[in-house]
Amino acid sequence: MKKYVLDLKVSSVEQINDKNVLIRLTDDKPLPEMLPGQFVEVRVDGSPSTFLRRPISINFLDRDRNELWLLVATIGDGTRALGRLHVDDKLNCVLPLGNSFTLPNRPDERILLVGGGVGVAPLLYFGKTIKDARATPVFLLGARSASDLAELELFKAYGEVCITTEDGSAGEKGFVTNHSVLSKEHFDRISTCGPKPMMMAVARYAHKASIPCEASLENMMACGVGACLCCVEKTIEGNLCVCKDGPVFDTQKLMW
């Protein structure tokens, strides 16, 4: 898929909760094709301590408004600078990068999308893509507390939403792998993104249940094109770059 370097215009910046900011970007021309699971490398101009681009998952692609959405966790100098962007500012982006989640191949598929923390970001666009293909997405979203959950109403527009929180302030108390939906419903595939311990637990569950599973990894990245080798992951096929060969991998191929 062709890659682009674009100066996109900020159309809105919305504080979702204490940790996350939703940045909507647009362009005078139609945005290029992007697939769920791919990501963007953004240049951070407002942070003197940030020298490298930051990889951000594609949260959503709104074709009607010609908008690209980025859900950003403001946890460092670079991402906090992104959170201070204003409407009409320009953000230099390299996109789209990486591979995508496996798209539905039949309308009767039931696909469980498991996200934790800001790892829920790529699952919104994937959920829409699944629904558009007339398959059925079910979202299982985990967080430490209710205040950490993001975009719940948007997820509900595309499918059933199941929630776990560690403190029990929303949904079922505990971790995503303890949610009752796993024992009540059948799924043909599982896709997950979030903290590595969570994804490893989801992969173990999927393996025991004989359900195909893929994970979108969040390794530290710099270049985004496989040149710097800082995001290498051990797999049964050898060491692979998450930015170039991923970020989405069949969990059976990961050395977890």
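**Notes on the predicted model**

1. Let's start with the contacts. Of the contacts in the protein between residues at least 6 apart in sequence, 61% link residues that are at least 24 apart; contact here means heavy atoms within 4.5 Å. A word on ground rules: this is a predicted model, where local features need pLDDT of at least 70 and side-chain atom pairs count only at pLDDT 80 or more, while totals for chains, interfaces and linings use all residues. Residues are numbered from 1 along each chain as its sequence is written, and side-chain values use heavy atoms, with hydrogens and water left out.

2. Next, the overall build. The protein has six helices and 16 strands; these are DSSP runs numbered from the N terminus, helices being H or I with at least four residues and strands being E with at least two. The radius of gyration is 17 Å, which agrees with the value near 18 Å that a compact globule of 256 residues would have. That radius is taken over C-alpha atoms, and the globule rule is 2.2 Å times the number of residues to the power 0.38. Along the principal axes, the C-alpha atoms fill a box of roughly 50 × 40 × 35 Å. Of the 256 residues, 52% count as buried (buried is under 20% relative accessible area, exposed is over 50%, partly exposed is in between, with a 1.4 Å probe and protein chains only).

3. On to the domains. The assignment gives domain 1 (2–95), domain 2 (108–202) and domain 3 (216–255), with bounds that come from an automatic or database domain assignment. The centres of domain 1 and domain 2, taken over C-alpha atoms, are 23 Å apart. Between these two, 17 residues of domain 1 are in contact with 16 residues of domain 2.

4. The largest pocket deserves a look. It holds about 1300 Å³ of space. Of its 50 lining residues, A73, I75, V118, G119 and E218 are the closest to its centre. Elements giving two or more residues to this lining are β4 (54–57), β6 (67–73), α1 (77–83), β9 (136–143) and α5 (196–208), and β4 has the largest share, with four residues. By class, the lining divides into 23 nonpolar, 19 polar and eight charged residues. For the terms: on a 1 Å grid over the protein atoms alone, a pocket is an open set of points where a 1.4 Å probe fits, with protein on both sides within 12 Å along at least five of seven lines, and lining residues have an atom within 4 Å of a point. Grid points are joined across faces, edges and corners, and a volume is the space filled by probe spheres set on the points. Nonpolar covers Ala, Val, Leu, Ile, Met, Phe, Trp, Tyr, Cys and Pro, charged covers Asp, Glu, Lys and Arg, and the others, Gly among them, are polar.

5. E218 sits in the loop between β13 and β14 (232–235) and, at 42% relative accessibility, counts as partly exposed. Leaving out residues up to four places away in sequence, E218 touches G119, C193, G194 and P195.

6. Then the second largest pocket, with about 210 Å³ of space. E214, V248, F249, D250 and K253 are the closest to its centre among 17 lining residues. β12 (189–193), β13 (213–216) and β16 (248–250) each supply at least two lining residues, and domain 2 and domain 3 each give at least three. The lining has six nonpolar, five polar and six charged residues.

7. Helix α2 (residues 121–132) is mostly covered, with nine of its 12 residues buried; L123, L124 and F126 are among them. Just after α2, R134 takes a positive phi of about 65°. The C-alpha atoms of R134 and S145 are 32 Å apart, though the two residues are 11 apart along the chain. S145 is buried, with a relative accessible area of 14%.

8. Finally, some backbone details to check. Most residues other than glycine have a negative phi, and most peptide bonds are trans. The bond from L95 to P96 is cis, with omega near -15°, and P96 is in strand β7 (residues 90–97). The bond from G246 to P247 is also cis, with omega near 15°. N66 has a positive phi near 55° and is buried at 16% relative accessible area. L229 has a positive phi of about 65°, and at 54% relative accessibility L229 counts as exposed.
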